[in-house]
Amino acid sequence: MGPIRIVRHASYQKRLFDVIPAWIGNNLPHLSELLSIRELPCELGAGARLLVPWLQDPVEAWSRETYDLVMALQAECDATGIPVVNRVDRLANAGKARGSEIAASLGLRSPRMSLITDAAAFRRDFGGLAFPLFVREDWEHGSVIHQADTPEAARLVPLERYRRPVAVELIDVRDPRDGLFHKYRYFACGETGVSGHVQVSKSWITRGNKRITNEQTQAEELAYVGNPDPFHTRFQALRKAMGLDMIAVDYGLDAQGEPVVWEANPYPHIQFGTYTAYRNRAVHRTVAGVVRMYLRMAGLPVPPELDGVVDY
């Protein structure tokens, strides 16, 4: 078995990080033998130098059994001095509400949030938030979002459809130059930072299916991904305060050009584009950054050609 031990669930989000071994096989195949990918439950085994759980955050939100299995593996690692990437007991620090608190404690602007634990109370005081606001899942990614611009609309939000609802202040981060929303993604792989992408949309929910792609947005995105993120130091401080090794920070810019952190994702989707193939250089850099982090944490040599892909 390779010394980098990767564990994942037998079915849930099993293939999300397949891009990593595929990239290694296509670009640095001699490193493939360093990875050992196993499904839980499994043993750590002899010769391990790094444990890497490939599990959707936070694990306790969808499987207590899986969480306990990995906690046992982590305890074994701790007893023998083996590092762990993104420990499962710290992933909840990147939940929407907790992550916002941590960001604010560092002086980063982040929307005010309020966990909704009492539906009746929320419909009376709206968590102390001003309007507009929106409601989403605190511990999930890509969940249904309900926007409420008025108290009447907030009272109609179907809170019973959420497992752990959180109310979020809606900050207007439209770019005054074009009136559009620009969402930036910074990817932290240990001390390495990668400028991942810029998604431009007419909607403040700037997901990929709402992306506007034209010559202007492509030029903006290429300018961003071709250079280090200007907020690298501040986002690295956020990663460390969360106790994590890897996060993807999604943010916008306010009227003063300061970042507004929407969320930090410890298990982000990494995908090479087809109609966004023009920015695939940034995806190569991201995957290579993850691989280099693994090697460094495992105390293994980093090939110079890997540095050549990662470094700006």
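Visitor: How many nonpolar, polar and charged residues make up the lining of the second largest pocket?
Guide: This is a predicted model in which local features need pLDDT of at least 70 and side-chain atom pairs pLDDT 80 or more, while totals for chains, interfaces and linings use all residues. Residues are numbered from 1 along each chain as its sequence is written, and side-chain values use heavy atoms, without hydrogens and water. The lining (residues with an atom within 4 Å of a point of a 1 Å grid; a pocket is an open set with protein on both sides within 12 Å along at least five of seven lines) includes Asp172, Arg174, Pro176, His182, Tyr184 and Leu253. By class (Ala, Val, Leu, Ile, Met, Phe, Trp, Tyr, Cys and Pro nonpolar; Asp, Glu, Lys and Arg charged; the others, Gly among them, polar), the counts are 5 nonpolar, 1 polar and 5 charged.

Visitor: What area is buried between domain 2 and domain 3?
Guide: Domain 2 spans 112–169 and domain 3 spans 174–310, with bounds from an automatic or database assignment; their C-alpha centres are 28 Å apart. Carbon and sulfur atoms give 53% of the buried area. Summed over both parts as accessible area lost on being put together (1.4 Å probe), the total is about 670 Å².

Visitor: Which side chains meet in a salt bridge?
Guide: Between domain 2 and domain 3 the count is 1 salt bridge (a side-chain nitrogen of Lys or Arg within 4 Å of a carboxyl oxygen of Asp or Glu). At 3.6 Å, N to O, the pair is Arg136 and Glu263.

Key
Buried area is the accessible area (1.4 Å probe) that two parts lose on being put together, summed over both. On a 1 Å grid over the protein atoms alone, a cavity is a set of points where a 1.4 Å probe fits but cannot get out, and a pocket is an open set with protein on both sides within 12 Å along at least five of seven lines; lining residues have an atom within 4 Å of a point.
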